[in-house]
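Me: I would like to learn how to read an interface and a fold from coordinates. Please take the features one at a time.

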Amino acid sequence: VIHVRLLFFAQLRDATEVGECVVSLPMNASGEDIRAWCVAHHPSSGPLLASTRIAINEEYSTWDTVVHDGDEIALVPPVSGG
Amino acid sequence: MSVQYMTDEVLRVDAWHQMQCNQCDGASVEFLGLVRADEHVTALEYDAYVPMADRVIDKIIAAARSQWPLHAVYVRHRVGRVPVGGMAVVIGVQTPHRKEAFAACQFIIDEIKTQAPIWKRDIYADGSLGQRHTCAEHAHV
C-alpha cells in the first residue's frame with residue numbers, strides 16, 4: 001500500500017468540500033485509480049474530472065502514469081489565470 | 001525556485017521599470033492585465049496552486065528565452081482579491097527589437113492563461129462569491 005497527498009482546487013474543491021487529503025492506494029496505482037477513488041468517495045466530482053488535468057509533484061502528467069508513495073497529486077480543473 | 005511570480009501583494013509596474021536595463025535592447029514591451037468592470041462584479045478573487053504556478057511560469061519564461069533574445073523579463077501574478085481596475089498580472093520583456101518583444105510578451109501571457117494553475121471567480125458588491133471562470137476565453141482580464 002502507498003499513500004499519496006491529494007489536492008483539490010477551484011470547482012473540484014467546491015464539489016468535494018475538501019482541500020486536500022491523504023489517500024491509500026495499492027502499489028503500482030496510476031492516476032486512473034485516483035480518478036476512480038474520487039468518483040467513489042466524492043460522486044459530485046465525477047462530471048468535473050473529464051476536463052481535469054493531473055499534476056504529480058507539481059508537474060503536469062497523464063492519468064495513466066504510475067504514482068508512488070509520498071507523491072503530491074493535484075487535480076487541476078480548467079485554469080483561468082490572467 | 002529563485003523567483004516567486006505569484007504574490008498576494010498589490011502589483012507595482014514601477015518594480016518592472018526599475019529593473020536593470022540592457023543597453024543593447026531597443027524594445028521594452030509590457031502587458032498589464034486589469035480587472036474589467038462587469039455587472040454586479042466589484043472584484044475578482046484569484047486562487048492558485050502557488051508552488052506549481054511558480055514552476056510553470058518559470059518554464060514558460062525559459063521557453064520564451066529559447067525562442068527570442070530576451071534579456072530582462074518580469075512576471076508577477078496576483079493571488080487574493082483584486083478590485084475592478086486593479087492589476088492582476090504584470091509582464092514585461094526587453095529585447096533588441098520590437099517584433100520579438102511583442103511576440104515574447106504575447107507568448108508569455110497566452111501560456112500563463114492556459115497552463116498556470118490559477119483560478120479566478122467573481123466577487124459581488126455584497127461580498128458574496130460569484131461564478132468561477134472556467135476557461136481563458138471567458139476571462140475578464
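Reading the interface and the folds

Reply: Start with one pair: A:Glu59 and B:Arg55 form a salt bridge, with their closest N and O atoms 2.7 Å apart. A salt bridge here is a side-chain nitrogen of Lys or Arg within 4 Å of a carboxyl oxygen of Asp or Glu. This is a predicted model, in which local features need pLDDT of at least 70 and side-chain atom pairs count only at pLDDT 80 or more, while totals for chains, interfaces and linings use all residues. Residues are numbered from 1 along each chain as its sequence is written, chains are lettered from A and ligands numbered from 1 in the order in which they are written, and side-chain values use heavy atoms, with hydrogens and water left out.

Me: How many salt bridges are counted between chain A and chain B?

Reply: The count is five salt bridges. Polar contacts are pairs of N or O atoms within 3.5 Å; within protein, one atom must be able to donate a hydrogen and the other to accept it, and residues adjacent in sequence count only if both atoms are side-chain atoms. By that rule, 17 residue pairs are in polar contact across the interface of chain A and chain B, both residues at pLDDT 80 or more.

Me: What area is buried between chain A and chain B?

Reply: The size of an interface is often given as the accessible area lost when the parts come together. Buried area is that loss, taken with a 1.4 Å probe and summed over both parts. Between chain A and chain B it is about 2000 Å², and carbon and sulfur atoms give 50% of it. A:Glu58, A:Ser80 and A:Gly82 supply 34% of the area that chain A buries against chain B, more than any other three residues.

Me: How many residues does each chain bring to the contact?

Reply: With contact meaning heavy atoms within 4.5 Å, chain A brings 21 residues and chain B brings 28 residues.

Me: Which pattern does chain B follow along the sequence?

Reply: Helices are DSSP runs of H or I with at least four residues, and strands are runs of E with at least two, numbered from the N terminus. Chain B has three helices and eight strands, in the order β-α-β-β-α-β-β-β-α-β-β.

Me: Is A:Val22 buried or exposed?

Reply: Buried means under 20% relative accessible area, exposed over 50%, and partly exposed in between (1.4 Å probe, protein chains only). A:Val22, in strand 2 (residues 20–25) of chain A, has 58% relative accessibility and so counts as exposed.

Technical notes
Buried area is the accessible area (1.4 Å probe) that two parts lose on being put together, summed over both.
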